[in-house]
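Q: I have a model open and would like to go through part of it with you. Could we take it piece by piece?

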Amino acid sequence: LTAVQAAAAISTGWHRSRPHDRLAIAPQSDGGPGFVAVLASALGTVQQVRVSGPLDDPVDAEWVWDAAAKTAYLECAQACGLGVLGEPPSARTALLAHSMGVGQLVAAALAAGAQRIVIGLGGSACTDGGRGMVDELGGLAAGRRRLTGVELVAACDVEYPLLGPWGSARVFGPQKGADAATVAVLESRLAAWATELDAAAGWAASAASGAGAAGGIGAAVLALGGTIESGSAIVARHTGLEAALADTDVLVTGEGHFDQQSLHGKVVGSLAAAARAREIPLLVLAGQISLDEPALRSAGVLAARAIADYAGSVRLALIDAANQLIGLTSVTAAQIGGRPAGSPGR
């Protein structure tokens, strides 16, 4: 489910058990899949361009154009994401997938007259360090020239560098189909590419926090003269999250798999911090959960519920995600203590 679809399902399920509660529906994103869809409702107009997918097959990618601010919001997942891979991820796709389509999106934004380009990073199928994107812009030197006077921003909350035990290949490669041997090849490729990136940047961009985001596209953005900002913060700013939290009794969020990574660079982690700061109870409704109770408590999570547990199987949770999330939310809302279900609340 996208963030927008999940928010709609949670709203429907909550109202089944607590019809008088007031819900502030504010889908969020950390820059990964759904970044454009979430911002589309709050900013500008949606544009579409055909670009190269991660395995060369063309895909239709959407981006948001805020003409007044001359700002383009792009999403790498639309061009090189696992969702547009066209086949199950494997060692073969992990080696072949590239970010060329992201470079084509950047070129489209430049052609529209963008003075600020924000690229949501996350959910990529590639681990090419952004080389495909850079090549589409003419290379590092040419890319930097084309982006002169343009503010380039990578929107992500991933904290990992490009290389090493916490780098793109070793942390995220297995999620993209890479086996141990493939991870080693990807790491070697990235190490050679990092030398070029750092030379172009004039500093150790590959070692920066966030450089490893989206298969290393974060490092390429830095080498092109860009910066990295919190994707969650960007989306929260444009969706009025701060104002909504000022009058909130319970915050409900979730994601596909709620694990340790969720607390370090994902929307859930960002919202958990916001909820703790305001002493707002946080409920997490996720596809699957692999955190134990002590970890949940330390993160400030009041309760976490898995759709797979409610549905009885991961398979049903996947093929009937919306209805299962509606049902899980309804049951969870009915169990919430405090204010009776018949009284107003937010």
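Q: Which residues of helix 13 are buried?
A: The buried residues of helix 13 are V267, V268, G269, L271, A272, A274 and A275, where buried means under 20% relative accessible area, exposed over 50% and partly exposed in between, with a 1.4 Å probe and protein chains only. Helices (H or I, at least four residues) and strands (E, at least two) are DSSP runs numbered from the N terminus. This is a predicted model, in which local features need pLDDT of at least 70 and side-chain atom pairs count only at pLDDT 80 or more, while totals for chains, interfaces and linings use all residues. Residues are numbered from 1 along each chain as its sequence is written, and side-chain values use heavy atoms, with hydrogens and water left out.

Q: What do those buried residues pack against?
A: They pack against helix 11 (231-239), helix 12 (241-245), strand 7 (251-253), strand 8 (257-258) and strand 9 (282-286), contact being heavy atoms within 4.5 Å.

Q: And what follows helix 13?
A: Helix 13 is followed by E279, whose phi is positive, near 55°.

Q: Switching to the sheet, what is the strand order?
A: Three strands form an open sheet in the order 7-9-11, with parallel pairing; two strands pair if DSSP finds at least two bridges between them. Strand 7 and strand 11 (301-306) stand at the edges with a single partner strand each, so one side of each has no neighbour in the sheet.

Q: How many bridges join strand 9 and strand 11?
A: Strand 9 and strand 11 pair over five bridges, in the parallel sense, and L285 stands opposite R305 in strand 11.
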